[in-house]
Amino acid sequence: MGLFKKFLENLSGGQSGGGNDTRRKSGSLPDESASMTDIRRYVGAVLDDVNRDAELVNRTVNAGTYFYSLNKLIDELQELRKYEGYHFFTRGTPSEDCREILKPENLQHNADMLITRALRYCMSELRFLTAETAREGYYKRFVAGIRDAFEQSHTFWAGKDYPHYDGPLFMWANMDRVQQLCNEWESGYRPVMERVGDDWKPPSDFQDMIPQRLHDGQYILVSKPPSTAETIEYRKAEEAWLESYYDLNTAEGIQAIPEIANPPKWPGCGSMDVTGDIDYYLRFKSGDYEKVGNIDLAILYLRKSNAIRMVRPNLGYRKSDYYRLVKTLAFYGRVDEAYAEKEKIDRYFEKKAAEYAPTEIKRVLESAKALGTDLVEMSCHGCVCSECAKYQGRVFSLSGKSRRFPKIPDAFYKYGGIHEGCSHVFSPCR
């Protein structure tokens, strides 16, 4: 399941986003006159797409979404191969990652994991259907849907400006397993569902995963949470590394922290672990210094945290997170500074919304149209706000005409997400 974690590359040399979310500029190919900054931004934008597609490949239970994301991911890596000569990639190269994906054993393994996830999801859904005819109809549609997706695997992603891969996306052993499901159905097999008791254990492929039920009854498979002791030791290691790498105890040291898009973090951190980010830790330190009465240093921590976040693309923090600095300044009577910081934050979010939302909305609508579907699936992130937690991982109807899935929240057509600064994305599915 961890194969695609290799693709969460960081650009070396400190890519700067200039306060903008440049992710959706990936459609603008650099020409011969492009500056190094433009090339860095373009490569970073494509890498953002790689991250999102890799997540979908690893987590989705929808076969159409899987093949769409996998084929698109391979195309993106082939596009990034053109820029290997710039030495942007710090942990392997796109060529190596692409070869790793296309190894027959990896194609087979990942397609097999998709089938297992989809089957587990189907079984979970059947538990909520009481009528036998409803259960039979649901399972029949599942079998037919996954078979059709495998037979039409190359129709979900038609390519764009990148070099397009049209080779195999699975192996015949995977198709044999799908065909076995179909044969079992045609020979009279009907799945018998049993309640999951306390002694239930996942099959061997899922020893490190547990099913998580979403608000609409759907299930996704997520990693088992670490124990409290493991979490404490992990956090200690993160903090020890940050304290040794940066000078965090003097004003000069804090001001010297570079404001770059991909600041260094503890090598043991996962790519999505925000607790290892320096901007996150600075806010943590700010609270400690405020408690002991060192207000100047507490405010300096918050200023630096906001400054770093404003050049890091698509973090997903809400405006209220940035406003913590404003509230702290106002609380301690520094009203003029609070107004100045508020104006800076408001301008940042206005500019970000003006650049990101229209292109993101257009991307989602055009992708769904190209796939011939009205349904989109919201991505799942490990650390989310309370608003996104209600929606992530769910399937929505763009038009609201679906009888099974709810209409996409109205906020999408304003922000391209669930709220201002939202880092979740929507991908078409069938």
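Helices here are DSSP runs of H or I with at least four residues, strands are E runs of at least two, and both are numbered from the N terminus. By that rule the protein chain has 14 helices and five strands. This is a predicted model: local features need pLDDT of at least 70, side-chain atom pairs count only at pLDDT 80 or more, and totals for chains, interfaces and linings use all residues. Residues are numbered from 1 along each chain as its sequence is written, and side-chain values use heavy atoms, with hydrogens and water left out.

Start with the whole chain. Of its 430 residues, 49% count as buried, meaning under 20% relative accessible area with a 1.4 Å probe, protein chains only. Contact means heavy atoms within 4.5 Å. Among contacts in the protein chain with a separation of 6 or more, 70% join residues 24 or more positions apart.

Next, the interior. A nonpolar core is a set of buried Ala, Val, Leu, Ile, Met, Phe, Trp, Tyr and Cys residues joined through side-chain atoms within 4.5 Å. The largest has 48 residues, and those touching the most other members include V43, F67 and Y139. Elements giving two or more residues to this core include α1 (36-59), α2 (63-80) and α5 (132-151). The most come from α2, with nine residues. F67 touches A149, F150, S153, F156, L169 and F170, leaving aside residues up to four places away in sequence. A second, separate core has 15 residues, among them L242 and L248.

Last, the cysteines. A disulfide is a pair of cysteine sulfur atoms within 2.5 Å. The count is zero. C422 is in no disulfide; its nearest cysteine sulfur, that of C388, is 3.7 Å away. C422 is buried because its relative accessible area is 3%.

Key:
Buried means under 20% relative accessible area, exposed over 50%, partly exposed in between (1.4 Å probe, protein chains only).
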